[in-house]
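I opened the notebook to record, step by step, what I looked up in this model and how each term was defined.

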Amino acid sequence: MLILKILHIAILVIYLVLCSYTDIRNMTISLPLSIVCSLIGCIFRFVLFIPKASFFSFIISISIGIFLILLSIISHNMIGVGDGMIFVTTGTFLSFANNISMLFYGLLLTSFYALYKLIVTRKRKTIIPFAPFLLFGYSLVLIT
């Protein structure tokens, strides 16, 4: 069981590292990668870890991502759809509480970085990749 838990964490970390890389380089998140990782997350959630996991808890876990995707559409991509895709994917791996914690840590770290950029460069309109901050946010979820 310990090996499965380590594999579970490793897959999610690798996914977030790849998302961070593409978000920094191209400001994109790979849809095929997100779909594959979401399917793997569903296998872990429903088959390996919690065979009797409720479908309701699953929907609640991915709801953060769905909400961010809808917010992206409403705000005309002020928030990237890819950020929502990341949370749908992490929602297949994580509980709602851990997913919301990752969002909180990611937003907190991003706000510190944005404040730094505002003070140093004095630019108000700067596009900031969110995935690297989510990677660090997930790291904080793991250690807390």
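I began with Leu 118, which is partly exposed because its relative accessible area is 34%, a value between the limits for buried (under 20%) and exposed (over 50%), with a 1.4 Å probe and protein chains only as cover. I noted that this is a predicted model, in which local features need pLDDT of at least 70 and side-chain atom pairs count only at 80 or more, while totals for chains, interfaces and linings use all residues. Residues are numbered from 1 along each chain as its sequence is written, and side-chain values use heavy atoms, without hydrogens or water.

I then placed Leu 118 in helix H5, residues 96-121, where helices are DSSP runs (H or I, at least four residues) numbered from the N terminus.

I looked up the length of H5 next: its 26 residues reach 36 Å from first C-alpha to last, close to the 38 Å expected at 1.5 Å a residue, the expected span being 1.5 Å times one less than the number of residues.

I listed the buried residues of H5, which are Asn 99, Met 102, Leu 103, Gly 106 and Thr 110. I recalled that an α-helix has 3.6 residues a turn, so residues three or four places apart point the same way. The cover over the buried residues of H5 includes helix H1 (2-26), H3, H4 and helix H6 (131-143), with contact meaning heavy atoms within 4.5 Å.

Methods
Helices (H or I, at least four residues) and strands (E, at least two) are DSSP runs, numbered from the N terminus.
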